[in-house]
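Biologist: Hi! Could you walk me through this structure in plain words?
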Amino acid sequence: MTTISVSNWTDLSADDLASWRRWQADCPALASPFLTPEFAQAVSRVRGDLAFAVQRDEAGRAQAILPYHRGYLGSISPLAGPMSDWHGVVAADPDAVDVKAMVTQLGASVMRLENGHSPTRGAPGAVEFSHIMDLSGGYDAYEARGRAREAGAFSRLASRGRKLAMSGEVTFDLDDRAPEALDWLIANKRRQCLATGQFDVFSVGWTRALLHELFATGTPALRGRLSTLRIDGALAAAHFGIQGAGVLHYWFPVYDEAYGACSPGLILLQAMARQAAGEGLAAIELGKGDYRYKREFGDTQRPVYRHAVWADSVSGALWRSMDGLEGGWAALPLGEVARLPGKVARRADRQLNFYLGDLRAA
């Protein structure tokens, strides 16, 4: 017989963490730095509401671990919410875990997995694909495959690199340790969000604190990497991502628009790939999204699942009925209008959980 208990970070034993790391090492679906115990620990340092649902066997051994945040109106959100590009249950076989039973026993109504690493049993949903730069055979082999598939993209990038070099001395650092460079990235990312009308994820304190926490993390299992491209010593492009288990996850890129015609962000990405491959990294994961640069420079993919888990309760049934209402509208010939209720609800859910994180920050 199994039991499900709720723990915080300090409640997890050395055996629990050893099992977590073993599950991740043995299961390709869990190969992401977002799914490491170290990422959860970093989040726990900047948010006071991180909890873990731990499924245990009769002997008390952990069988599955689900990191989550308590949301509003009975909802729970995954670790770091939409800040994380991968989240879900961690276990030897994640697909075999009954997440619905976990959510029900937590006394929650619904859990939404926007970037789930695997299908949740009994909760089918939409699937997208995460684009990956496969560097396992080295950079030269990667570029040779890329030129065979997207010759124009690599030729344009080389031409723009030569053009950028005419602006001054171009230097690159895969692991820039200057705190002011991270501040520059965050400030410019916020300006970019304002200019494009996107939600500013750095408008809340815990998200900025998380980047600084990860920037200071440098273990073999997880390290925050700030990569920069400078022209005559001045920042022209920067990227902050996290690295673990041979994968560098591409996360927050930004560039100075004064150099936009030269694609400094892509030149930085190419330089990152070349040096990362030289260090033995197997891949750079670009994440989901139908962006041209991801199609051109990503040469393999893996699925990303979006789904909801509703509890067996009255409140869970209410949440499910609202989602069903959206599905009913979508069946009518109303085009994008049919999807508006669901989009509004999901956006409100994400943003409210962002702000709850600040209210509950440690």
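Biologist: Is tyrosine 139 buried or exposed?
Modeller: Tyrosine 139 is buried, because its relative accessible area is 7%. Buried means under 20% relative accessible area, exposed means over 50%, and partly exposed is in between, using a 1.4 Å probe and protein chains only. This is a predicted model, where local features need pLDDT of at least 70 and side-chain atom pairs count only at pLDDT 80 or more, while totals for chains, interfaces and linings use all residues. Residues are numbered from 1 along each chain as its sequence is written, and side-chain values use heavy atoms, with hydrogens and water left out.

Biologist: Thanks! Where does tyrosine 142 lie compared with tyrosine 139?
Modeller: Both lie in helix 4 (residues 139–149), three residues apart, or about one turn of the helix. Helices (H or I, at least four residues) and strands (E, at least two) are DSSP runs, numbered from the N terminus. Tyrosine 142 also counts as buried, at 1% relative accessibility.

Biologist: How many aromatic pairs are there?
Modeller: The structure holds 13 aromatic pairs. Rings of Phe, Tyr and Trp (its six-membered ring) pair if their centres lie within 6.5 Å; planes under 30 degrees apart count as stacked, over 60 as edge-to-face and the rest as tilted. For tyrosine 139 and tyrosine 142, the ring centres are 5.7 Å apart and the planes are at 50 degrees, so that pair is tilted.

Biologist: Which residues form the aromatic cluster?
Modeller: Phe34, Phe39, Phe202, Phe240, Trp251 and Phe252 form one cluster. Phenylalanine 240 counts as buried at 0% relative accessibility, and tryptophan 251 is buried at 10%. Their ring centres are 6.4 Å apart with planes at 35 degrees, so this pair is tilted. The pair links distant parts of the chain, eleven residues apart: phenylalanine 240 is in strand 10 (residues 234–244) and tryptophan 251 in strand 11 (residues 247–255).

Biologist: New topic: how many salt bridges are there?
Modeller: The count comes to 17 salt bridges. A salt bridge is a side-chain nitrogen of Lys or Arg within 4 Å of a carboxyl oxygen of Asp or Glu. One of them joins glutamate 128 and lysine 288, whose closest N and O atoms are 3.5 Å apart. Glutamate 128 lies in strand 7 and lysine 288 in strand 12, so the pair ties together parts that are 160 residues apart in sequence.

Biologist: How do strand 7 and strand 12 pair?
Modeller: Strand 7 and strand 12 (residues 283–288) pair in the antiparallel sense over five bridges. Two strands pair if DSSP finds at least two bridges between them. Strand 7 (residues 126–134) also pairs with strand 13 (residues 300–310), in the antiparallel sense over seven bridges.

Biologist: What about arginine 292, which residue does it form a salt bridge with?
Modeller: Arginine 292 forms one with glutamate 296, the closest N and O atoms being 2.9 Å apart. The two are four residues apart in helix 9 (residues 292–297), which means about one helical turn separates them. Salt bridges that share partners join Arg156, Arg292 and Glu296 into one network.

Biologist: Last one: how many residues of helix 8 are buried?
Modeller: Eleven of its 15 residues are buried, so helix 8 is mostly covered. Among them are Ile267, Leu268 and Met272. Just after helix 8, glycine 280 takes a positive phi of about 95 degrees.
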